[in-house]
Amino acid sequence: MDEHLPGKVQQWEEKTKKSLAKNPERKPKFKNASQLTVERVYTPLDVASDYTVNIGLPGEYPFTRGVQPTMYRGRFWTMRQYAGMASAEESNARYRYLLEQGQTGLSVAFDLPTQIGYDSDHILAAGEVGKVGVAIDSLADMELLFKDIPLEKVSTSMTINAPAAVLLAMYIAVAEKQGASMEKLSGTIQNDILKEYVARGTYIFPPAPSMRLITDIFAFCAQHVPEWNTISISGYHIREAGSTAVQEVAFTLSDGIAYVEAAIKVGLNVDDFAPRLSFFFNSHVDFFEEVAKFRAARRLWAKIMKERFAAKNPKSMMLRFHTQTGGSTLTAQQPDNNVVRVTLQALAAVLGGTQSLHTNSRDEALALPTEDSVRIALRTQQIIAYESGVADTVDPLAGSYYLEKMTDDIESAAFALIQKVDALGGAVAAIEKGFMQREIQDAAYDWQMQVESKDRVVVGVNQFCIKEPSPRGLLRVDASVGENQKQKLQQLRSSRDNEAVKQALLHLEACARGAANCMPAILDAVRVYATLGEICDTLRKVFGEYHADNVL
Amino acid sequence: MAEEKRTRVLVAKPGLDGHDRGAKVVARALRDAGMEVIYTGLRQTPEQIVEAALQEDVDVIGLSCLSGAHNHLFPQVVALLKKHQAEDILVVGGGVIPDEDIPFLKEHGVKEIFTPGTGTNVLVDFIKKHVAHR
Amino acid sequence: MLPIDRLRERFLSGETRALAQSISLVEDSAREAARFMRPLGAPMTLPRIVGVTGPPGAGKSTLTARLALALLEKGEKVALLLIDPSSPFSGGAILGDRIRMHDLTGRPDVFIRSLSSRGSLGGLSAAAIRVLRLLEYCDFSTIILETVGTGQAETDVVEAVDTVVVVTVPGLGDDIQAMKAGIMEIADIFVVNKADREGAERTARQIGAMLGLQEGKQRLPVPVVQTVATTGQGISELLQALDRHSADLTISMELKGRREKRWQKEFDAYVTSLLVDDFLAWAQGSNAEVAPHGRHGAADIYGLAEQLVAKYYAERTKRDAEEN
């Protein structure tokens with residue numbers, strides 16, 4: 001480095017400061033979306049990192065530049081659009097459409113009753129059946145969901161948390177019926193209960209038994225479903241709840257630490273399950289911050305796995321992640337603008353080295369996407385992949401002084417916050433004390449106040465507004481879905497072997513009360529068509545229910 | 001020692017929707033505007049919401065729903081208020097609610113729906129305008 | 001019939017909403033509270049009033065909910081007053097304690113109300129005390145008041161309730177030593193909640209030791225109860241301690257003394273508010289300089305104040321003379 005550089009930079013700054021009087025900048029201070037300062041210019045002086053140690057090469061520790069040496073030169077990221085609505089039949093149609101249009105993996109969205117372990121005829125399910133995803137009451141629905149979709153060939157991600165064990169069992173049972181073997185099944189279950197308590201709200205049981213179910217899944221899959229990603233440790237929702245990028249990384253990795261500790265506690269060897277841990281991040285508005293964030297997360301996790309958990313297998317240190325563009329950044333106003341937002345966010349995720357990507361549709365501030373909207377979202381990914389050239393070299397933005405400095409800053413700020421969580425006793429304790437929730441709420445409120453004071457411009461919402469007609473042609477989920485599901489349930493209950501169901505549930509209850517792995521018992525129950533609600537109620541009996549306690 | 005009448009607002013999340021960022025931001029904004037806000041948390045049934053509203057003698061109930069179940073749940077709250085002769089309690093709503101559902105909701109007693117992108121100041125002004133103190 | 005009489009009638013008939021509206025009336029204005037309650041005379045029976053206080057994070061609300069549930073199961077009728085701090089900037093408040101009362105929903109034998117501290121630092125405003133008085137006219141057997149846990153001596157609480165329960169948690173460690181002496185003196189029952197945590201036994205002993213230093217100060221014995229509010233462990237012991245204290249209060253005549261102190265405080269508060277209201281009404285009407293600002297500066301605050309009050313007395317006397 002030029003030894004005269006510091007002096008030159010200082011001279012330049014002084015000169016520039018003088019010119020500000022005549023040519024002021026737009027703001028007195030520039031901050032990114034997470035309120036970190038953004039300087040006027042970045043130079044080699046800002047990059048403290050030793051290239052070899054901190055930035056390194058792709059596929060090598062600490063994986064700043066990516067978890068594979070060839071990244072997208074070998075294979076593009078998986079284009080995996082989250083989808084699901086109403087009935088299994090309709091969702092099945094949407095999945096086959098997306099696969100025809102070139103999507104490379106499935107991502108299942110379940111409705112709220114399913115996510116919270118209620119059958120469609122439960123009193124709390126009223127009005128909610130099929131609204132935010134597909135309604136799955138039993139294996140029968142699951143079979144319809146994957147009709148004509150070869151599970152041995154398609155990788156499926158299921159956004160399911162509290163009852164993840166049950167839905168995974170159903171998936172396995174459907175595959176069995178197709179003649180596919182468990183060993184070949186590939187996919188992911190989100191299975192991240194901690195963030196439910198913090199930011200998403202679809203929990204069922206209290207933390208301890210929930211962690212038990214999670215480690216049961218880790219152990220079961222390590223043995224029987226080795227290609228399956230057993231957890232998708234999520235920051236997406238934490239960010240959507242209002243957190244900053246730093247909090248998103250810190251709280252997600254803290255949750256990850258808690259899961260690793262739980263698994264080790266039940267006797268699993270870190271290198272046996274850690275390679276199958278995966279992550280899920282948000283891609284938000286501030287372009288460079290997001291790219292830096294992904295790189296910082298990778299580097300930080302690698303260090304944690306190596307130094308804190310003494311992992312030996314490099315695969316245990318690799319942070320593989322799925323990204324979804326930030327839903328909360330979309331506007332109901334001038335919805336076509338959302339296509340542009342999603343493009344920038346998708347680009348940031350790709351430049352950040354994501355393994356798979358979901359792009360939101362333009363109409364999602366208001367409803368589930370129409371076929372047309374979701375096709376545009378998919379095309380966005382395809383244009384980035386095939387036309388823009390950014391995927392032709394690995395980690396192309398590396399070396400940008402701004403980016404490397406931002407990566408360093410996010411890493412150290414996130415690390416400090418992880419230490420705070422540690423000091424509180426770890427993620428579970430921090431959640432019980434309301435620490436994460438409060439941090440997120442404060443950030444959410446700050447953001448809103450910035451928008452209302454126009455400190456933060458949201459195009460079409462607080463600036464560049466137009467008078468516009470109400471949007472037309474939004475997707476609507478018919479209320480009859482609820483009625484149809486109820487009927488299906490009635491039919492199921494009268495046509496199945498109810499004695500076998502009863503026995504299976506008793507066996508599950510005994511399992512849950514003891515220490516044995518619950519997965520085999522859940523599989524047995526699922527195979528005889530016990531419903532999701534029946535299985536979860538059995539577990540509720542044993543584990544109790546979680547009630548959120550802390551407020552604002 | 002002039003004591004003040006404070007506007008009391010119940011912020012509620014009916015149904016299974018777990019997205020409470022908006023509800024919490026609204027609660028804070030109302031507090032910062034000098035109101036007393038009762039927030040009852042997630043997974044409230046219409047019965048629980050109305051019970052709280054009556055016991056807390058609120059002036060306004062603010063319902064938040066992002067799961068699409070608003071057409072089912074909001075009118076239930078209004079109907080229960082009517083059953084308890086408490087229709088004078090103002091009911092407003094917000095969340096992911098398409099414009100085309102607003103007339104239906106208003107017909108069923110919801111005074112106003114605050115769609116995505118609405119500033120908290122708009123809500124505060126609306127409440128100040130529509131809540132007359134005894 | 002005047003609206004206030006209509007409300008009183010509905011209140012006396014036991015209508016839940018009327019109770020809620022009466023609470024608002026009484027909370028908002030001392031004058032209206034007086035107008036409302038005077039015709040009611042003295043209450044027939046007095047409920048037991050329990051105050052639950054302690055630092056934030058001790059699990060007071062969860063404990064209160066459990067305690068209420070246990071009382072309900074014994075056939076009692078319970079009212080809960082949950083007090084949260086108001087914002088010093090806006091005067092508004094977020095009242096979130098109700099969230100923890102989910103096990104109590106849908107029951108006709110329990111009434112839950114959230115109150116803001118309305119600026120009062122100790123956690124109990126004059127308004128809250130008026131609400132307590134109002135609740136005495138209902139047929140609750142126990143009223144539980146849960147207050148802001150500032151960790152300071154909540155003397156307000158002592159003066160308003162029959163039994164003060166102070167809730168703490170293990171791991172506050174040194175904070176026990178640092179606990180102001182006042183907390184030790186006001187507690188009638190000490191609860192160590194989250195007793196499944198490490199250090200619970202030690203904390204309970206420490207408290208016991210500090211209470212021991214208090215002995216000989218003419219006080220009823222103060223039990224230390226360990227609880228795990230989330231599971232219900234220890235609640236029956238707490239209930240026993242409560243019943244014991246209630247009995248002891250009656251036997252020792254201390255209950256009478258406490259209630260008289262409470263009524264005295266209410267009386268004083270109302271007398272003061274009547275006087276101040278009248279003064280303020282006069283000050284608004286007259287052209288008197290009510291604040292020592294402007295040309296006078298801060299120089300003669302005391303003199304100015306005395307002058308002002310003297311003026312008030314003089315004009316008051318004149319007005320009374322004219323009226324009679």
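Modeller: From the N terminus on, chain B runs β-α-β-α-β-α-β-α-β-α, where helices (H or I, at least four residues) and strands (E, at least two) are DSSP runs numbered from the N terminus. This is a predicted model, in which local features need pLDDT of at least 70, side-chain atom pairs count only at pLDDT 80 or more, and totals for chains, interfaces and linings use all residues. Residues are numbered from 1 along each chain as its sequence is written, while chains are lettered from A and ligands numbered from 1 in the order in which they are written.

Biologist: Nice! What is the radius of gyration of chain B?

Modeller: It is taken over C-alpha atoms, and the globule rule is 2.2 Å times the number of residues to the power 0.38. For 134 residues the rule gives 14 Å, and chain B is close to that, so it is as compact as a globular protein of that length. The radius of gyration of chain B is 14 Å.

Biologist: Which element of chain C gives the most residues to the side that touches chain B?

Modeller: Contact means C-beta atoms, placed from the backbone, within 7 Å. By that test, 31 residues of chain C are in contact with 29 residues of chain B. α2 (16–28), β3 (93–95), β4 (110–116) and α11 (254–285) of chain C each give two or more residues to that side. With seven residues, the one that gives the most is α2(C).

Biologist: And which residue stands opposite B:Val37 in β3(C)?

Modeller: Strands pair if DSSP finds at least two bridges between them. Strand β2 (residues 36–39) of chain B and β3(C) pair in the parallel sense over three bridges. Opposite B:Val37 stands C:Ile94.

Conventions
Two residues are in contact if their C-beta atoms, placed from the backbone, lie within 7 Å.
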